Amino acid sequence: MSQPYPHLLQPLDLGFTTLKNRVLMGSMHTGLEDKAKDFDKLAAYFAERAKGGVGLMVTGGFSPNMQGWFYPFASKLSSKSEVPRHRTVTDAVHENGGKIALQILHAGRYSYHPLSVSASAHKSPINPFKPFAMSGWGIRRTIAAYARCALLAREAGYDGVEIMGSEGYLINQFTTKQVNRRDDEWGGSVENRCRFPVEIIKAVRRAVGKDFIIVYRLSMLDLVEGGNSWDEVVYQAKAVEDAGVTLLNAGIGWHEARIPTIVTSVPRAAFAFVPQRIRSEVKIPVIATNRINTPQIAEGLLSSGACDMVSMARPLLADPDFVNKAAAGKAETINTCIACNQACLDHTFKAQRATCLVNPRAGYETEIVFKPVAAAKRLAVVGAGPAGLAFACYAAERGHAVTLIDKAAVIGGQFNLAKRVPGKEEFHETLRYFGERLKATGVTLRLDSQATAASLKAEGFDEVVLATGVLPRTPDIVGIDHAKAVSYIDVLDGKVQVGSKVAVIGAGGIGFDVSEFLVHEGESPTLHAEHWYREWGVDATLSARGGLVPKQPTPPAREVFLLQRKDESLGKNLGKTSGWVHRATLKDKRVQMMGGVSYDRIDDAGLHITIKDQPRTLVVDHVVICAGQEPFRALQAPLEAAGVKVHLIGGAHTAGELDAKRAIRQAAELAMVI
Ligand code: NAP
Ligand code: SF4
């Protein structure tokens with residue numbers, strides 16, 4: 001069989017060592033790095049990915065000293081006593097044929113503690129603590145700490161280190177004028193501002209010797225006001241290359257940037273043009289990152305010369321066997337990362353352990369284990385949404401005989417609605433994955449099929465799992481039966497042609513999704529990078545400082561009012577790392593977001609509301625109801641009355657705050673023990 005991804009699977013000779021392919025697993029802080037007792041779990045997490053064929057992996061960030069840690073007692077490598085726990089990780093990786101580098105990350109003014117330091121005493125807009133400006137002596141001591149950390153990494157068995165010089169962390173705080181206001185040898189000219197990373201790399205190289213990988217994560221596009229110009233980025237790239245870097249990894253956007261760089265609505269490989277430009281400026285291999293989530297995309301970038309390696313972090317959380325599956329020509333069986341951030345980055349930024357919405361085993365490799373069953377049961381699963389699909393596949397994988405029944409003609413439940421929302425196209429991939437997985441695990445799939453308590457009883461299933469999901473809540477509003485009031489399901493399904501003025505009742509995840517659906521018309525910017533750059537103001541010509549140009553959002557397709565009863569800002573409970581993107585999109589589309597609303601009635605005139613005792617009529621053509629969900633579990637009582645053992649998962653279990661993350665995780669936990 002000819003190799004379908006020849007460039008992706010081609011080894012990379014670094015002179016003193018060879019990487020077996022062009023896949024770098026980018027750094028992703030899992031939270032397991034922070035406690036010594038979790039290192040066995042961290043080792044299992046990396047071992048699984050090494051076994052899955054990744055060329056080089058990078059750990060989550062470890063600070064070289066206490067000042068640079070994210071928060072007190074977060075991950076750090078600065079003393080010999082911390083080395084043995086890392087051996088568990090490096091041994092596990094090497095036993096499984098992999099290579100691993102430790103990321104050295106000093107958070108600078110992004111640290112959550114009152115003793116944080118930076119190039120200058122300027123607070124970040126996303127952190128409450130004002131940093132102290134480092135003294136010249138403090139800078140020299142910090143450089144020595146980087147070198148010591150790298151040496152300890154080498155002693156711990158790592159194959160290299162990655163020095164984090166992007167996303168707005170300490171090194172960035174030195175390299176950009178916006179934060180570095182110093183007038184000594186560490187500030188001012190580009191040469192002075194880059195002295196800090198250059199001296200770090202020289203010191204690290206001296207400490208670790210020639211045969212050790214040093215990856216430098218260079219902020220190639222800051223995406224913040226006053227960020228570096230392209231000439232300054234190129235200067236830094238060349239300077240760190242001369243100082244001894246082995247591989248140059250692309251960093252795109254600081255954490256405080258207000259342009260999304262990795263959420264699901266960012267086009268795939270949207271930022272690959274940046275490392276592509278750097279590649280012509282340096283001789284060392286360059287790594288492309290951000291929204292690369294399939295072997296096809298990765299192969300395209302490598303074969304077109306955009307980069308020498310591709311970095312993927314979340315796609316390898318979603319599927320540790322990504323590389324092996326690609327190599328076996330079975331890319332369609334990859335569990336694709338949908339870039340939702342819900343279980344990985346949203347967890348990290350809430351100091352919870354990172355995992356994955358589509359793969360709840362990520363980070364839980366030693367805890368969620370699907371052992372083969374001793375005695376197979378005949379299980380019926382009713383409902384082929386995310387919960388039912390995941391349960392059916394996991395249970396069948398263990399050896400149970402599983403029949404999955406749904407009244408719809410296709411699998412997916414509410415995911416079929418989500419995938420119609422512009423910017424949520426990735427949801428198609430999860431349905432494709434489950435389709436393949438059902439076949440591989442031998443689940444009997446019955447679509448267009450209405451299960452009843454009598455039919456399930458008659459078939460003699462040992463146990464029944466109800467994954468029947470939710471029903472939209474119908475709020476108690478006068479006129480709710482008026483023709484103007486429509487369900488979000490009919491809107492997303494295209495059953496209702498929505499007019500030019502619309503009110504949306506309910507501002508949860510679905511109210512936001514529906515509003516985005518209503519304001520967009522025509523092509524989804526996510527599928528057209530040039531369009532997306534205009535929407536967000538990204539300078540794809542790399543002429544503007546920081547990569548920023550004024551936004552040019554296309555005018556909204558409709559006038560939309562998004563409403564909630566709570567008197568607080570809308571979208572507060574959306575994802576930590578993605579909620580701001582949804583709010584910014586709707587703001588750009590001039591959606592009027594209103595809280596503290598009471599709904600008086602719906603009639604021919606539109607929607608009558610009261611806000612702060614002031615009655616008002618929204619003259620709209622339609623009122624779309626997105627007022628949350630109620631569990632749908634009509635089969636539970638009759639099945640139990642008939643003596644059948646019933647389990648509830650997903651929305652059928654609890655509708656409030658339901659999301660696919662909880663549904664799939666619940667499915668996995670039940671499948672593990674049933
Ligand atoms: P939801 O997040 O619970 O939001 C329901 C909305 O309806 C709230 O804004 C609520 O606000 C309002 N509401 C509740 N009861 C009402 C009533 N009786 N009358 C009028 N308004 C009422 O539910 P959802 O939007 O249906 O989403 C379902 C789940 O899917 C959510 O948990 C969400 O996390 C998930 N989801 C997530 C995303 C995402 O982007 N991460 C996208 C889509 C869906 P008030 O009570 O203040 O009026
Ligand atoms: Fe990707 Fe979402 Fe999983 Fe994170 S939680 S790895 S973004 S699918």
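Predicted model: local features only at pLDDT ≥ 70, side-chain atom pairs only at ≥ 80, totals over all residues.

Colleague: Which residues of helix 3 are buried?

Modeller: The buried residues are G138, I139, T142, I143, A145, Y146, A147, C149, A150, L152 and A153.

Colleague: What covers them?

Modeller: The cover over the buried residues of helix 3 includes helix 2 (83-95), helix 4 (170-175) and helix 6 (195-208), together with strand 5 (100-104) and strand 8 (160-165).

Colleague: Let us turn to helix 2. How many residues does helix 2 have, and how far does it reach?

Modeller: Helix 2 has 13 residues and reaches 18 Å from its first C-alpha to its last, close to the 18 Å expected at 1.5 Å a residue.

Colleague: Which of its residues are buried, and what do they pack against?

Modeller: In helix 2, V83, H86, V89, T90, A92 and V93 are buried. They pack against helix 1 (39-51), strand 4 (56-62), strand 5 and helix 3.

Colleague: What follows helix 2?

Modeller: The residue there is G97, with a positive phi near 80°.

Colleague: Where does F73 lie, and is it buried or exposed?

Modeller: F73 lies in the loop between strand 4 and helix 2. Its relative accessible area is 67%, and F73 is therefore exposed, since the cut-off is over 50%.

Colleague: What about N290: what is its phi, and is N290 buried or exposed?

Modeller: N290 is also a residue other than glycine with a positive phi, near 75°. It is in the loop between strand 11 (286-288) and helix 9 (295-303). N290 counts as buried because its relative accessibility is 9%, and buried means under 20%.

Colleague: A new topic, then. Which residues surround ligand 2?

Modeller: Ligand 2 is surrounded by R314, C337, I338, A339, C340, N341, A343, C344, C356, L357 and V358. This shell divides into nine nonpolar residues, one polar and one charged.

Colleague: Where does ligand 2 sit?

Modeller: Ligand 2 sits in the largest cavity.

Colleague: Could you say more about A343? Where is A343 found, and with which residues is it in contact?

Modeller: A343 is in the loop between helix 11 (322-327) and helix 12 (345-348). At 1% relative accessibility, A343 counts as buried. Leaving aside neighbours within four places in sequence, A343 is in contact with R353, A354, T355, C356, L357 and K661. A343 and L357 are 14 residues apart along the chain, and their C-alpha atoms are separated by 5.3 Å.

Colleague: Finally, where does Q414 lie, and what does Q414 contact?

Modeller: Q414 lies in the loop between strand 14 (401-405) and helix 14 (415-418). It is partly exposed, with a relative accessible area of 30%. Beyond its neighbours within four places in sequence, Q414 is in contact with V470, Y488, I510 and Q629. Q414 and V470 are 56 residues apart in sequence and 9.0 Å apart in space, C-alpha to C-alpha.

Technical notes. Residues numbered from 1 in each chain as written. Chains lettered and ligands numbered in written order. Heavy atoms only, no water. Near = heavy atom within 4 Å. 1 Å grid on protein atoms, 1.4 Å probe; cavity = no way out; pocket = protein on both sides within 12 Å on 5 of 7 lines; lining within 4 Å. Sits in = over half its atoms within 2 Å of the grid points. Nonpolar A, V, L, I, M, F, W, Y, C, P; charged D, E, K, R; others polar. Buried < 20%, exposed > 50% of the residue type's maximum accessible area, 1.4 Å probe, protein only. Helix = DSSP H or I, 4+ residues; strand = E, 2+ residues; numbered from the N terminus. Contact = heavy atoms within 4.5 Å. Expected span 1.5 Å × (residues − 1).
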